[in-house]
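Have the model open while you read.

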Amino acid sequence: MAESRESIKRRHRIYKERYPERVKESNRKYREAHPVERKERRPDAERFLSKVDKGESCWTWKGWIDGWGYGKFRYRGRMMFAHRFSYMTYREPVPDGLCVLHRCDNPACVNPAHLFLGTQGDNAKDKMAKNRHTFGEKSKRSKLTLDQVMEIRRSTGNQRLLAEKYGIRQTTVSEIRNGRSWSRAIALATGGTP
Ligand SMILES: [Zn+2]
């Protein structure tokens, strides 16, 4: 019968107690033979700057850019907006619930001097005003305004009646309600990212 795991463990423990030097020596040899590639952890700010192309005016993010054109930066194990990191590092901490917005209308810019704090609402208005987004209200197929979408989103009434009211299909009402449609616009208007 094969030796049980418990038995093996016990045997190893006894060996280690009896011959600690031998165990140390064999561990050392093993580490020598199998070097582990250890990456030096650079300070966050330094790592951040290595991904920045400082131009005359805007600082262009050379790292990962999301589908909206915003730079993303890994910070403490999570992805965050690069411009947000820039603001909190070079200007001041960003209070919870506030957004970091661009004066320069360049989402990939991380120049702290081009950034300012705003509410989620400012953020959504800003984006709508700048006409940068082609979803929802601005898209060709759209028949709804953002206000109407929000109304449908909050509504609990009959789907068919709502569809008639806005001249849209019933499935559109259902998609808005369960977040499969207009989700980006809704997220922006209600304070989701970015
Ligand atoms: Zn800029």
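Which residues in the largest nonpolar core touch the most other members? They are F81, A82, F85, V100 and V110, out of 15 residues in that core. A nonpolar core here is a set of buried Ala, Val, Leu, Ile, Met, Phe, Trp, Tyr and Cys residues joined through C-beta atoms within 7 Å, and buried takes 20 or more other C-beta atoms within 10 Å of a residue's own, with C-beta atoms placed from the backbone.

This is a predicted model, where local features need pLDDT of at least 70, side-chain atom pairs count only at pLDDT 80 or more, and totals for chains, interfaces and linings use all residues. Numbering runs from 1 along each chain as its sequence is written.

The top contributor is α4, with three residues. A second, separate core has six residues, among them L144, V149, L162 and I176.

Now for the helix pair. α6 (residues 146–154) packs on α8 (residues 170–177) at about 80 degrees, axes 8 Å apart; axes are lines fitted to C-alpha atoms over the stretch in contact, with angles from 0 to 180 degrees between N-to-C directions. The two are therefore roughly perpendicular (65 to 115 degrees). V149, I152 and R153 of α6 meet V173, I176 and R177 of α8, with contact meaning backbone-placed C-beta atoms within 7 Å.

Notes: Helices (H or I, at least four residues) and strands (E, at least two) are DSSP runs, numbered from the N terminus. Angles under 35 degrees count as roughly parallel, over 145 as roughly antiparallel, 65 to 115 as roughly perpendicular and the rest as oblique. Two residues are in contact if their C-beta atoms, placed from the backbone, lie within 7 Å. A residue is buried if 20 or more other C-beta atoms lie within 10 Å of its own, exposed if 12 or fewer, and partly exposed in between; C-beta atoms are placed from the backbone.
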